[in-house]
Amino acid sequence: MNHVWLKQNNEATHVIVVFGGWAVGSDVFSSLAGASDVLFISDYRDLNDNLPDLSAYSKRTLIAWSFGIASYCHWQENRADIFDRKIAINGTMTPVDRERGIPLLAMQKTIDTLSQNSFQVFLRRAHNAKVPEQRIDVGARKAELIAILERGDAPLQLWDRIWLSRKDRIFPLANMERAWEPQSDMIKTIDAAHVPFSFWQSWNEVCDE
């Protein structure tokens, strides 16, 4: 796991911890305004790292997106829960599943054919738009996908808000709705792509506050 502060202010009382999606990076959050500190987590090849000490914050919010949802749940197991509010976006706790996640065939094809070019295809599908070229370490990102696949279903976690995008071309919407049926009262559906962050203007909106 890697973590980097996207915003850190010694006077902030609220911290948002973002378990991001696979390989996309943190630039997708750059347009979101807010006074909170923001800590970004990525790279789920292993889940052994601890977070920095966040005990000084009076409020701590988790945002988990895409494969970050299952990765957070695996990471959280056997750790003390420090979060006051948890937000899940466009993913499931069953990340590779024919009916409740990304179908195994699609996941395996992504692993087997991963290249710089195929990653650009993935980005276009994730954004539902053409995007600038983004370079990746193909070997590391393939290893990350394999680790996510081998970990399998994540431990159950309750969420305070679940955002699902109608135009998601990575996690099928019908699969996400099936996966989240036990917490369906927490779901809000938005007219956005798998990368939905241009739908909001602020972190408070993402947190549904």
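A residue is called buried when its relative accessible area is under 20%, exposed when over 50%, and partly exposed in between, using a 1.4 Å probe on protein chains only. By this rule serine 66 is buried, at 5%.

The model is predicted, so local features need pLDDT of at least 70 and side-chain atom pairs pLDDT 80 or more, while totals for chains, interfaces and linings use all residues. Residues are numbered from 1 along each chain as its sequence is written, and side-chain values use heavy atoms, with hydrogens and water left out.

**Backbone angles**

- Most residues other than glycine have a negative phi.
- Serine 66, however, has a positive phi near 60°.
- Serine 66 sits in the loop between strand E4 (59–65) and helix H1 (67–76); strands (E, at least two residues) and helices (H or I, at least four) are DSSP runs numbered from the N terminus.
- Alanine 23 also has a positive phi, near 70°, and is buried, with a relative accessible area of 15%.
- The loop that holds alanine 23 runs between strand E2 (14–19) and strand E3 (37–42).

**Lining of the largest pocket**

- A pocket is an open set of points on a 1 Å grid over the protein atoms alone, where a 1.4 Å probe fits, with protein on both sides within 12 Å along at least five of seven lines; lining residues have an atom within 4 Å of a point.
- The largest pocket has 19 lining residues, and nearest its centre lie Ala106, Thr110, Phe122, Arg125 and Ile170.
- Helix H2 (104–113) and helix H3 (116–127) each supply at least two residues of this lining.
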